Every structure is written in C-alpha cells, then in structure tokens.
Amino acid sequence: MVYQESIKASHNNNVSQSIYDGELINVLCRTTQMMSKPYEVFRRNNAAIDYSFSYILLEASLFLVITRILQFLLKPFRQPKVISDAIAGIIVGPSVLGRSKLFASHVFPQNARFMVRNLGLMGFMYFLFITGVKMDLGVIKKAGKKQWSVALVGVILPHMILLPLGFATRKHMDKELAKISSIGGVSSAVIITTFPVIYNVLRDLNLLSSEIGRLALSTVIISDCIGLIIIAAFEAAKQGEARSLNALYYLVSLFALSGIVVGGVPQLMTWIKRRTPEGRSLGQNYVTIILLGVFVIGFMTDFIGVAIGNGPLWLGLAIPDGPPIGSTLVDKMEVIMMEVLSPFSYTTIGLLTDVHAMSSCWSCVGPLFMLALVGYSSKLISVVVTTWYLNMPFREGLTLGLMLSLRGQVEFLLYLHWMDWKMVKTPNFTMMVLLTIVSTGVISSLISFLYDPTRPYMTNKIRTIQHNYPNSKLRIVASIYDEESVASLLSLLNVSNPSVSSPFAIYAIYVIELIGRASPVFIDHSQQAEYWDSSSEAIHHALNLYEENQSDSIEVQFFTSVAPQKTMYQDICELALVKKASLIILPFHKKHLNSLGVAGEVRRGMQSVNSNCLLNAPCSVGILVSKTALERSVFAASTSCSFPQRFVMLFLGGADAREALVYADRMVGDRRVSLTVIRFLTHNLQGDNEKERKLDDGVVTAFWVKNETNERVVYKEVVVSNGGDTLSAIQALDDGSYDLWIVGRGSGINPLLLHGLSNWNESPELGVIGDILASMDFSTTSSVLVVQQQVLRDDQRKSTNAHSSFCVQKIL
C-alpha cells in the first residue's frame, strides 16, 4: 500500500524528486545514527530524533492514555471501544494535536510515521484474522426465512436506490470517484455491514446472547458472503481500467488463492487437531506457524491487488472455531491485537484525517456525503420494512436495522484502500471517517435506549415455590458450571421431595464461556445429538441416569449454552421464562472445600453470572454453597440412600425468608429429613415493618399448624437486640450436626436483626447471613442454600393471599 504526502525540507533533510507510478513525488533522505542509547539527551542534542522506535514507544503510550480517558468519559453514553479509539487517533492527528508543528515534529516525525502505518496495517490484518477465526459459516445452513429475507432485501434494495443516484451525480464528483467501478465500490461499502464490526460492537454492549443480537449476527454473515463477491467484482473492475486483460489475470489469481485457502488450510488444521491431545491447548509451534501464515496470505493478496485485509479474513474463516485451535489462537492473540497493534491502526487513520482540509473543500465532499447518507438511510428503512412484513414488533425491527447499520474497523481499512486506489483524497477520507464515528456512536446509544434484553424477564406473572399450585409439577432450571457441580445439584433435588403427585421438571443448562468463536451457541439436546465438549456429554449421561432412576417423579431436559460470561445469565433467565420455571438453582462461584477444609478454586466470572441472575430472573432463585468434597458430601447422589438428613432454616422475615420456609417445608415431606426452624424477632417487635410481619406470621403459623405433630420438625423463636445477638445465636447452632442451612437472601428483613453486620460483604449475592454461613470462619461441613423470592417488575412483590395460598397448598 502506497501513501503519498508532501514533505517539507528542513536544514537536516535531503529532498529529491522521483517518478513513481507515473507521478512526480518527493523523496526524503535521512541519516540515522547507530547509537546504543538513542535518548542520550545529556550527551548529544536531539539524539532522539534519529530513532523511530523510541517514537513508537512514545506514540503508543500517548494513544493508550488518551483512549482510556475517552473510554471513561464516554462510558455513561454506552459507547463501544471503536469510538474512543477512533477519536483518540484523530486527536493525535493533524486535526487536533498534530495541528501544532512542534507536536508533529517531536511526536510524529516522518521517520516514525512510516513504522506507525505499517504496524497499523498489521493490526487491521490480525483483527480480521481473529474475527475470521471466531466466525462460524455453518450458521448460514441453519439460517431461516427471517435471516435470508432481511439479508437479501437489506443488500439488494439499497443498491437499486443508490447506484442510479451515483450515476446521476457523477458530473459533480472528482475524476477517480466518478468512475463506474468507484461508484459501485462506494455504494457497496455504505450499504453492506460486516460481521467483524457488528460482533465487536454488540460484545461491547453485552448484546451477543440477546435474541436480536443473535439474529443480527446470523443475518450479517449472509450479507458478508454477498459482500465478498461484490468486493471481488469491484477489485476486478479497478484492475481492468488500465487493460481489460488485467481483470482476467486478477480473477484467475483470486480463484487460485482462494482455492488454496479453502481446500488446503482445513486439511492442515484437521491434521493439527489430530495431533493435539484432547483437552489440551494448541502447541506453541503450531500457533507460530499459523500466525506466520497471516503475513504470508496478506502478502499474496496484496501482491495480486486484493485489499490486504481479505487474505487474513479468508485464512481465519478456514480455521475451525472453538477448541482447541480457534480458542487457543484467540486466547493468545486477542490481547496483543487489541492492546498493542490496534492503537497503531487507529493512529494511522487519525494521521490521515484532517478536519481542516475537509472544511476548506465542502463542495468536493458533498456528492460522497449524499451517497453515504442515502445508503445508510435506505439500508435502515429496508431492514425495518422487511421485519415489519415478517411480523416482528416495530421496536425490535428498528433495533435490528440499527445493528445492521453499524460501522467500524472494516470501513476504516476500506477507506485506506480507497486512498491507495486514489479514489478519494484527504477531504473525502476525513468526511467518511467522521461519518462512520458519528453514525456508530449515535446508533449505539439508540440501541441501548431501544433494546433492553432483560426487559422480558421482569414480569408481573408470579412464579415462585410459595405460589406454585398444590400437587402440580414444579419446574426448576438448574444451572451447571462444571462437572463438580452436578453431584451437589442432584443431591439437593433428591431431598427436595419429588413425588408422583408433585413431580419435578428439571431444565438443566450447562453454561460454557464463549472462547474462540463469535456467535453464541444454544443446544437443546432433545433435538440435537451434538455435544460441545466431553464434559457436556458426561453431564448429560449423569442426568439421564438420574432421570431413569426416578422416572415416575423426575423429568429432565438438558441444554448447553456457550456464551460470553457477561451474557450467560441471559440464556439462564430466558430458559426460565420460556419454561415457566418457579425456581432457578445456581452453584456458588467458589468450589467445595476439600477434606482439610481448604477452599477449592474459584469459578472465574461466575459470581457476576449469579448476581445478574438474581437481578433479572423471572422467578425465584436459590444459590447452593457446597462446602464439602464430593466424596464426603452430606447428600447422597444415589436415590437409594437412606441416611438421615438434618436441616436448619433461619427465618429472619421478609419475602425471601417466606420463600425459603416454603421450600424447607417441601423437603420435610421426605422422611429422611428432619428440620429445625429458628425465627428471629426483636424486643417488642421494634423496627418491624407491619405489613411484612403480618405476612411472616401467616406463613409461619400455617407451617407450624401443619407440622405441629411432626416429630421431625422443631420450631423455635429467638429474641435479639442487634446483629451481634443474631450472630451469637447462629454460632450457637454451629455444632456440626446440621447437613444444610437454609436462609432467605435478605429482602424485607428487620434492619435491627442485621445491625453491625454490614462488614460481611465478601459475597453480596448471598446476603449478609448467607455470606456469614458460607464463610471459612463458619462450619466447614454444612452446605448452605440461599433463597431469593421472585422480584416482580418495578421491584414490587405481590404478596396478596400469600397466607391462604400457603395454607391451601400445604394442607391439601
């Protein structure tokens, strides 16, 4: 790629002129000093000016500082990372800081700019390569009518509008831009959106796992395939402008190179995968060879005249996503690409962007601006109209249209390609860069305003254990984070007393972090026989055995969700909403203790998953803290176990405590279970909320009336003055005789019962008392179940007829 720019001679620069590509250009000659210490400013004046690498370090540091400041400032506006990075590039360029000759000569001298541009191109190449690795072209086979309709109409209809408009305004354009091939290339660029851009923006907005986000990703892959064909036609047309035969040579070379990539690379990857032991990451030698291949394919595509980013993208598409190859490449390269090479990419864009040059030539940017504006608008309208025809709600259709109108890194690279082809000059280049930043920034804010993926979860339909109809099926969503969490989950289900009259419908969802691919995956194993990994298959087998042993009272469906950690909770909540579950069971983010009482490893990122589930769940939620090793579990995984179980329920009042008590009462139906209920009260009912206390009294009274003659049930009341007394009473119970502690998370608790305990905040998702019970300072043998009752929309808990509902359910 060739960059032309005028260079002013100075007293220490030698400038000569030379003819290149039919044009007279300036050639700058600079003498550099080979010194071991480039910044020896104390021994030699201006020593640093001869060393471009020193400037690279300074420029990268400056860019990172500016972009971090911008990210902080733009965070309230929900702006994706590409916006802050692009603005940072413009700030260091001639539009802002580079306007100063002193800044330009001391921070971005000519000998450093050459390195910045080459590193920037490398950044774009690896960005497209990594994104290609993450892409799954198999989505095209699974795409339905909706995806195909939106993709085809969103590409064809805008072209039918924009191409005639471009030809009608040719006389107002620059000579190169007015060519037919240029108009076609520009029209396609402003209409077709690309997967790499949409994926990264949706990831920053935490919308990858949302319903509209999934639809946008599958749709844009289809339009990308169309875009690759159009780009090939555009490149061939540009090659054929000088001589028609050049277009033929180009197409032959293109097909030959793509044939090598498509036919040879997958075979090589299959061979590498066979040589990689199962469960192991890709070897370092293989990683090096593949990353070297990015340079090779980039050279070959640039050599035959294809945009330099196409080759790395093709190579990425030919490499299988997911483990072991795709996930290893992404894990090793993404940070380097995003944090080391990416700054130079945006700095390259910023150095070529000059707002002052654009402002002095409004007439020359007008035609291109009009084409871009009409292209963006026609694309958006086409998608919205199509979704309306497909009976999608207008709000969702508009959101999808906005997602498919996002612009970013691929467009920036394409604008550089236009500069290389001399289709546009600095004013038009600047205008397109600014238009991309503004449109993406505005669209991102609109998407955040219009679409909240958690909105459907917060419902006014009551779905709790307390309000579940008597002798009806109890629907439970059981989240599984790893194989170790299966045993404690099955043990809890065993003692929850499933029966023929009141069976359980278990919807087990195994959640896996999305690494090495872009599109989230949701597998219903009742309809698909595929497994994501060996753990998924083992878990499914264990659940099948459990269902077979209790087929008269247990029904199990198994799902696998592969999603980013930030959006895992969406699949869990969505499943609970669709299946009309009354309870979600989540494993605690810390694994069980071993036989010595030492905490196991932390499930990375799962604490935020649990917190988001508590915040957005459409039903009640229980977090299970397994504090014993599997081989010494207080529960028995076998249904034939007859070991007695001793449970204690701490009732501190409020909706969560009422839900926990109802669940504990259900467990008492199992003859192996004995239950002790401790109700905490204050002196003279001080600090009580009268409404909550009446509801508590109703539930507790109904519970005791039902179980008064049950020898396995003990009910006690403890009067305390503050949190210290509460803690002392709980510690007095910690004699190691109880197998499970049950407690409400905290809503509606009299604040006096917790006064002075606010320092317990290591795991806020467990509540104050739950955090104390789960701490290492407490019992090392008893598991803990923390229950939160469903939080209804607008944070209003409907408790009407709670007492009567409980009584009817339990008495009948």
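1. Leaving out residues up to four places away in sequence, F429 touches I349, L352, T353, Y415, L416, M419 and V424. Keep in mind as you look around that this is a predicted model.

2. Now the overall picture. The protein has 812 residues, and 56% of them count as buried. DSSP runs give 27 helices and 13 strands.

3. Next, the rings. The structure holds 12 aromatic pairs. One of them is Y346 with F412: the ring centres are 6.4 Å apart and the planes sit at 85 degrees, so this pair is edge-to-face. Y346 belongs to helix α13 and F412 to helix α17 (residues 409-420), so the pair ties together parts that are 66 residues apart in sequence. Are these two residues buried or exposed? Y346 is buried, at 4% relative accessible area, and F412 is buried too, at 1%.

4. F412 has another ring partner. F412 and Y415 make an edge-to-face pair, with 6.5 Å centre to centre and 70 degrees between the planes. Both residues lie in helix α17, three residues apart, which is about one turn of the helix.

5. Have a look at helix α12 (residues 310-318). Why call it largely enclosed by the rest of the structure? Because eight of its nine residues are buried. Those buried residues are N310, G311, P312, L313, W314, L315, G316 and A318. What do they pack against? Their neighbours are helices α4 (110-134), α9 (211-239), α10 (244-275) and α11 (284-303).

6. On to the sheet. It is an open sheet of 11 strands with mixed pairing, and the order is β5-β6-β4-β3-β7-β8-β13-β12-β9-β10-β11. The edges are β5 (521-524) and β11 (713-720), each of which pairs on one side only. From one strand to the next, the twist averages 20 degrees. Zoom in on one pairing: β8 (residues 620-625) and β13 (residues 783-788) run antiparallel, with five bridges. V625, for instance, has V784 in β13 as its bridge partner.

7. Helices lie against this sheet. Helix α26 (residues 767-774) packs on the sheet and touches β8, β9, β12 and β13, with its direction at about 160 degrees to that of β12. Helix α25 (residues 723-733) lies across β9 (645-651), β10 (673-682), β11 and β12 (740-744), and runs at about 160 degrees to β10.

8. How many disulfides are there? The count comes to zero. Take C573: the closest cysteine sulfur is in C613, 4.5 Å away, which is too far for a bond, since a disulfide needs the two sulfur atoms within 2.5 Å. C573 is buried, at 0% relative accessibility, and C613 is likewise buried at 0%.

9. Finally, two backbone angles to check by eye. K422 has a positive phi, near 65 degrees, though it is not a glycine. K422 sits in the loop between α17 and α18 (426-450), and at 31% relative accessibility it counts as partly exposed. N684 also has a positive phi, about 55 degrees, without being a glycine. You'll find N684 in the loop between β10 and α24 (690-707). Is N684 buried or exposed? At 78% relative accessibility, N684 counts as exposed.

Note on methods: Residues numbered from 1 in each chain as written. Predicted model: local features only at pLDDT ≥ 70, side-chain atom pairs only at ≥ 80, totals over all residues. Heavy atoms only, no water. Buried < 20%, exposed > 50% of the residue type's maximum accessible area, 1.4 Å probe, protein only. Helix = DSSP H or I, 4+ residues; strand = E, 2+ residues; numbered from the N terminus. Contact = heavy atoms within 4.5 Å. Pairing = 2+ DSSP bridges. Axes fitted to C-alpha atoms, helices over the stretch in contact; angles between N-to-C directions. Phe/Tyr/Trp six-rings, centres within 6.5 Å; stacked < 30°, edge-to-face > 60°.
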